[in-house]
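Q: I would like to learn how to read strand pairing, ring pairs, cores and backbone angles from a set of coordinates. Can we work through one case?

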Amino acid sequence: MISVLPKKGHLLIAEPSTLGDFSFNRSVILLAEHNNEGSVGFILNKPLGYTINDLVPEIDASFKVYNGGPVEQDNLYFIHNIPTIIPGSVEIANGIYWGGDFETTKTLINKGDISKKNIRFFLGYSGWAINQLENELKENSWIITANNKKSELLSQSSQHFWKEKINELGGEYVLFSNAPSDPILN
């Protein structure tokens, strides 16, 4: 676990005590930006019932679309690990990039040059105003860890990602990794 301030490229892991919050309960978020104006991230482990083809019919691919967070859920965002072929990409950290030229991206997907291991799409994002994330960290809402998966993060299965990250923390967290997401169901 990292006990320093958050920075882009870190992962935010929802504390097991984060209950009743559909967006963030058992979430793992890639922090895509963190500066003195606020923070932006994308939830990595909350797939929606859509594929990219459902939302952008001219893309001939069935890549899953994820709930990126509760902000601007009518907008599509993407992260990827192939900046050399997607112009305009912005590096987050550790070989992960945010956005870039969408027309080029569509063409490359349709040609088969981009696979689901290279890119992840999100509806919406997670956002925090100035000092909001720091306050949530003081309230023990999040655990900050390094992204030890580097660019392979995109090929990580989302199904058990939160549990895996909680188990990596060890100690009392291991107990929570096997608890039901809703304690009432226990």
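## Reading the strands, rings and cores

A: Begin with strand pairing: strand 1 and strand 2 pair in the antiparallel sense over three bridges. The model is a predicted one.

Q: Which residue in strand 2 is the bridge partner of isoleucine 13?

A: Valine 28 is the bridge partner of isoleucine 13. Strand 1 also pairs with strand 10, in the antiparallel sense, over four bridges. There, leucine 12 has isoleucine 144 of strand 10 as its bridge partner.

Q: Which way do the side chains of strand 1 point, and are they buried or exposed?

A: Leu11 and Ile13 point one way, Leu12 and Ala14 point the other way, and all are buried.

Q: Which strands are joined to strand 9 by bridges?

A: Take them one at a time. Strand 3 (residues 38-43) runs antiparallel to strand 9 and is joined to it by three bridges; glycine 41 has serine 126 as its bridge partner. Strand 5 (residues 64-67) runs parallel to strand 9, again with three bridges, and valine 65 stands opposite phenylalanine 121. Strand 6 (residues 71-80) runs antiparallel to strand 9, with six bridges; in this pairing valine 71 stands opposite tyrosine 125.

Q: How many residues of strand 9 are buried?

A: Nine of the 10 residues in strand 9 are buried, and the strand is mostly covered.

Q: How should I read aromatic pairs, and how many are found in the whole structure?

A: The distance between ring centres decides whether two rings pair, and the angle between planes decides the class: under 30 degrees is stacked and over 60 is edge-to-face. The search of the whole structure finds 10 aromatic pairs. One of them joins phenylalanine 24 and tryptophan 128, with 6.4 Å centre to centre and 25 degrees between the planes, and is stacked. This pair links distant parts of the chain, 104 residues apart: phenylalanine 24 is in the loop between strand 1 (11-14) and strand 2 (28-35), and tryptophan 128 is in strand 9 (residues 119-128).

Q: Why does phenylalanine 24 count as buried?

A: Phenylalanine 24 counts as buried because its relative accessibility is 14%, and the cut-off for buried is under 20%. Tryptophan 128 is buried too, with a relative accessible area of 5%. Tryptophan 128 has a further aromatic pair, with tryptophan 142: it is edge-to-face, at 6.2 Å centre to centre and 85 degrees between the planes. That pair links strand 9 with strand 10 (residues 142-145), its two residues being 14 residues apart. Tryptophan 142 is buried, at 6% relative accessible area.

Q: Which residues do ring pairs link into a cluster?

A: The cluster consists of Phe42, Tyr66, Tyr77, Trp98, Phe122 and Tyr125. One of these rings has a charged neighbour: arginine 120 lies over the face of tyrosine 66, at 4.4 Å from the ring centre.

Q: How do I read a nonpolar core, and which residues have the most contacts inside the largest one?

A: In soluble globular proteins, nonpolar side chains tend to be buried together. Here the largest nonpolar core has 34 residues, and those with the most contacts inside it are Leu12, Leu30, Leu44, Ile79 and Trp142. Strand 2 supplies the largest share of this core, five residues. Another core, of 15 residues, lies apart from it; Ile59, Ala61, Ile114 and Leu123 are among its members.

Q: Which residues does isoleucine 79 touch?

A: Leaving out residues up to four places away in sequence, the residues that isoleucine 79 touches include Leu30, Phe42, Leu44, Trp98, Phe122 and Leu154. Asn118 and Arg120 are also among its contacts.

Q: How should I read a positive phi, and where does one occur?

A: Most residues other than glycine have a negative phi. In asparagine 140, phi is positive, near 60 degrees. Asparagine 140 is in the loop between helix 3 (132-138) and strand 10, and is partly exposed, with a relative accessible area of 49%. Lysine 150 also has a positive phi, about 55 degrees. Lysine 150 lies in the loop between strand 10 and helix 4 (161-169).

How values were computed: Residues are numbered from 1 along each chain as its sequence is written. This is a predicted model: local features need pLDDT of at least 70, side-chain atom pairs count only at pLDDT 80 or more; totals for chains, interfaces and linings use all residues. Side-chain values use heavy atoms; hydrogens and water are left out. Rings of Phe, Tyr and Trp (its six-membered ring) pair if their centres lie within 6.5 Å; planes under 30 degrees apart count as stacked, over 60 as edge-to-face and the rest as tilted. Buried means under 20% relative accessible area, exposed over 50%, partly exposed in between (1.4 Å probe, protein chains only). A charge sits over a ring if NZ of Lys or CZ of Arg is within 6 Å of the ring centre and within 35 degrees of the ring normal. Two strands pair if DSSP finds at least two bridges between them. A nonpolar core is a set of buried Ala, Val, Leu, Ile, Met, Phe, Trp, Tyr and Cys residues joined through side-chain atoms within 4.5 Å. Contact means heavy atoms within 4.5 Å.
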